[in-house]
Amino acid sequence: SHTHTRHARAYTPAQAASLKTWLPILVWLPRYRLSWLQMDLIAGITVGLTTVPQSLAYAEVVGLPPQYGLYSAFMGGFIYCMFGTSKDVVLGPTAIMSLLCAPHVGHHPGHAVLLTFLCGVIQVIMSVLRLGFLLDHISDSVIKGFTCAAAVTIVFGQLKNILGIGEVPQQFLLQLYYTFLKIPENFFSLKEQCQVVYPTSDCVSMFPLARSALVVVGATFLVYFAEVWGYKPFTMTGETSQGLPPVKPPPFSEKTPNGTVLSFSQTAQSLQGGLVIVPLMGLLESIAIAKAYASQNDYRIDTNQEIFAIGLTNILGSFVSSYPVTGSFGRSAVNSQTGVCTPAGGVVTGTIVLLSLAFFMPLFHYIPKASLAAVIICSVAPMADYRVFQDLWQNCSLDLLPFLVTFLISFWEVPYGIVGGVMVSGVINIYKYKKFSHRQVVTCSSLCNYTIYPFIHLGNLMEQFKVSALLKGTTTGGGI
């Protein structure tokens, strides 16, 4: 009897609630229904058909072999199922994260994997210290400026694959110049590359949720039969490593071709500002998506728990050669539209990616780069929304300044654009705050006759101003 009582007291209500906070799966799994399983399977399969071609394509943006896109796409489904608080969010490689990682990775898979591990550690530390509120200080106009610039940069970066152009520099302005310079030289190649993409577009409208898979599969079959008939005008993905990724710790040291061994500190130093920009922007993108769908579908999320889930995904993902991941706006939209009921849909998506790695990698050799470029362009094009200018001008013309600073400088260097936009936004917020405070002091002293305690009322107004700013931050959206 005494043993039974002691066992019954092992978990108090407070301890059980704390455990559910850290393991949200304990909240929804005990009441899981068979009808939910059906919807989660449909959503997971649909998202999986989108994830595989997009992941292969995003690896191209980073400058890594295509299999690294798939290495990055499956861990999030399993980890987020246990630790995530949004039923709609899909973790994996995204266009924005790929663009942010590219300058710091330098076509080096080892650097990408180490960046993933360090990003995960930083994100988990932020979660433990409950620093999620810091993300609210990055204004909506900065995020919109960055996402618009990212969309334009990524689209022009993929034109070389559609046009069949080689040897194009990575820097945006040089990339733009050399792409248009070489178009006349590659006119006939352009015709062939476009013939790969356009025939597959006719059936896309019939299956809009799986359009990426349809384009890639259709183009791959065309290229495969062209190869069989001895016709080889297309630029293909090339050889890919077959099978699941090896499970091994990230490379904390590196051996150069001349035999010199670089220490962990030297390797980490080569990542430069990526250790700040990549984890913060990854969190911002994912949490903005989670908040948007939580508001739309009437449920709550825990910001710090979301940060923990993303960080843990990156840490464990680094042991299977992943590059940094975050929430995908496009795939999360597909997940929500197909009626997912719980995060278990991510397990189905992760399983499809693993099956692709295990059995279909030899076929990926025949995927034409033009079709992957088309997938990327169609995915990121909606991010470059010209109506952003009009909305910012109508709501608050001052917010147009950090937008333009972020947008324009990002074409030179993305981290500089974000930092510049945040600084300008901070100066504008201080100006607004002082103007608001001065106006309320005058109002309180003249209308309320509070000549002795104006600062008490001013303090209350300041708190209201902070709350309204935080609420405004929850509507932030963008990213793919």
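1. Let's start with the pairing of K87 and D88: their side chains meet in a salt bridge, 3.1 Å from N to O. The term salt bridge here means a side-chain nitrogen of Lys or Arg within 4 Å of a carboxyl oxygen of Asp or Glu. Side chains of opposite charge can pair when their charged atoms come close. The structure holds 1 salt bridge. Now look at how covered the two partners are: D88 is buried, with a relative accessible area of 0%, whereas K87 is partly exposed at 22%. (Buried is under 20% relative accessible area, exposed is over 50%, and partly exposed is in between, using a 1.4 Å probe and protein chains only.)

2. A word on what you are looking at. This is a predicted model, in which local features need pLDDT of at least 70 and side-chain atom pairs count only at pLDDT 80 or more, while totals for chains, interfaces and linings use all residues. Residues are numbered from 1 along each chain as its sequence is written, and side-chain values use heavy atoms, with hydrogens and water left out.

3. Next, the overall picture. The protein has 22 helices and 4 strands; these are DSSP runs numbered from the N terminus, with helices being H or I of at least four residues and strands being E of at least two. Of the 480 residues, 50% are buried. If you take contacts between residues at least 6 apart in sequence, 81% of them join residues at least 24 apart, where a contact means heavy atoms within 4.5 Å.

4. Have a look at helix α17, residues 345-364. How far apart are the end C-alpha atoms of its 20 residues? They are only 25 Å apart, short of the 28 Å that a straight helix would reach at 1.5 Å a residue. (The expected span is 1.5 Å times one less than the number of residues.) There is also a kink of about 60 degrees at A358, shortly before the proline P362; the bend is the angle between axes fitted to the seven residues ending at a residue and the seven starting there. The buried residues of α17, among them V348, I352, V353, L357 and F364, pack against α4 (34-62), α5 (67-71) and α6 (75-83).

5. Compare that with helix α8 (109-128). Its 20 residues should span 28 Å at 1.5 Å a residue, and its end C-alpha atoms are 29 Å apart, which agrees. Since 15 of those 20 residues are buried, α8 is largely enclosed by the rest of the structure. Leaving aside residues up to four places away in sequence, V124 touches F308, G311, L312 and I315. The C-alpha atoms of V124 and I315 are separated by 8.9 Å, though the two are 191 residues apart along the chain.

6. Most residues other than glycine have a negative phi. R130, in the loop between α8 and α9 (140-163), has a positive phi near 55 degrees. D298 also has a positive phi, near 60 degrees, and lies in the loop between α14 (274-297) and α15 (303-317). Is D298 buried or exposed? D298 is exposed, with a relative accessible area of 72%.

7. On the surface, V217, F221, Y224, F225, V228 and W229 form a nonpolar patch with about 670 Å² of accessible area together. A patch like this is made of residues with over 30% relative accessible area and no salt bridge, with nonpolar side chains (Val, Leu, Ile, Met, Phe, Trp, Tyr) joined within 5 Å and like charges within 9 Å. F225 sits in helix α12, residues 211-228, and is partly exposed at 39% relative accessible area.

8. Last, two more pairs to find on screen. I42 lies in helix α4 and counts as partly exposed at 40% relative accessibility. I42 and G339 are 297 residues apart in sequence, and 8.2 Å apart in space, C-alpha to C-alpha. Q175, in helix α10 (residues 172-182), counts as buried at 5% relative accessibility. The C-alpha atoms of Q175 and L159, 16 residues apart along the chain, are separated by 9.6 Å.

Note on methods: Areas by Shrake-Rupley, 256 points an atom, 1.4 Å probe, with all protein chains shown as cover.
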